[in-house]
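Please look through the sequence and the coordinates shown here before reading on. The report that follows takes up confidence, packing, domains and backbone geometry in turn.

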Amino acid sequence: MTNYRHSPPSWPVPLREFTARRDAFRRWNRRSGVIAAFLVVAGLVGFVVLMHWLVQIVGVSDAVEITVCFGFAGVLCAVCVLLPRWLNRLPAQFGLRCPQCGVVMGNLLIATTIATRHCGECGARLIAE
Ligand SMILES: [Zn+2]
């Protein structure tokens with residue numbers, strides 16, 4: 001099985017290569033979703049354990065407690081801003097970006113490209129067959 005991540009295609013590509021890139025992207029996306037869900041749960045559990053340890057065992061002041069809570073909220077905000085940006089660019093890592101208009105193909109544009117052999121945004125020929 002060819003790993004299509006970070007290997008740019010030479011357009012137009014055969015249909016088999018395009019669907020293989022799509023499948024590789026979907027597999028990677030599914031795996032990273034499971035890992036992200038695990039990290040979110042682990043982060044929340046870790047935060048609760050940390051707060052319990054700080055408050056019940058160490059006995060920190062309210063100021064430290066509030067600082068830790070704001071720090072955790074900051075990390076959550078950063079993740080909420082950066083994760084969608086990264087996810088939107090993910091198909092491009094598998095070569096699913098139109099060479100003419102630069103649109104990164106989501107599921108709808110991938111399906112349109114497979115059906116028409118052309119970019120669903122600008123009409124450039126992407127699949128050679
Ligand atoms: Zn295009």
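## Confidence of the model

This is a predicted model, and the protein chain has a mean pLDDT of 91, with 99% of its residues at 70 or more. Within the protein chain, helix α3, which covers residues 107-116, has the highest confidence at 95, whereas helix α2, spanning residues 62-93, has the lowest, at a mean of 90.

## Nonpolar cores

The largest nonpolar core consists of 6 residues, namely Tyr-4, Ala-24, Phe-25, Phe-94, Leu-96 and Met-105. One of its members, Phe-94, is in contact with Tyr-4, Ala-24 and Phe-25, and also with Arg-5 and Arg-21, when its neighbours within four places in sequence are left aside.

As general background, nonpolar side chains tend to be buried together in soluble globular proteins.

## Domains and their contact

The domain assignment divides the protein chain into domain 1, given as 30-93, and domain 2, given as 94-129. The C-alpha centres of domain 1 and domain 2 are 36 Å apart, and the contact between them draws on 5 residues from domain 1 and 6 residues from domain 2. On the side of domain 1 that touches domain 2, the residues are 2 nonpolar, 2 polar and 1 charged by class.

## Backbone geometry

Some features of the backbone deserve a separate look. The peptide bond that joins Trp-11 and Pro-12 is cis, with an omega of about -10°, and Pro-12 is placed in the segment before α1, the helix that runs over 15-58.

The segment before α1 also holds His-6, which is not a glycine and yet has a positive phi of about 60°. Is His-6 buried or exposed? His-6 counts as exposed because 9 other C-beta atoms lie within 10 Å, and a residue is assigned to that class when the number is 12 or fewer. Arg-117, which lies in the segment after α3, likewise is not a glycine but has a positive phi, in this case of about 70°. For Arg-117 there are 15 C-beta neighbours inside 10 Å, and it is therefore classed as partly exposed, the class in between 12 or fewer for exposed and 20 or more for buried.

Key: Residues are numbered from 1 along each chain as its sequence is written. This is a predicted model: local features need pLDDT of at least 70, side-chain atom pairs count only at pLDDT 80 or more; totals for chains, interfaces and linings use all residues. pLDDT is the predictor's confidence in each residue, from 0 to 100. Helices (H or I, at least four residues) and strands (E, at least two) are DSSP runs, numbered from the N terminus. A nonpolar core is a set of buried Ala, Val, Leu, Ile, Met, Phe, Trp, Tyr and Cys residues joined through C-beta atoms within 7 Å. Two residues are in contact if their C-beta atoms, placed from the backbone, lie within 7 Å. Domain bounds come from an automatic or database domain assignment. Ala, Val, Leu, Ile, Met, Phe, Trp, Tyr, Cys and Pro count as nonpolar, Asp, Glu, Lys and Arg as charged, and the others, Gly among them, as polar.
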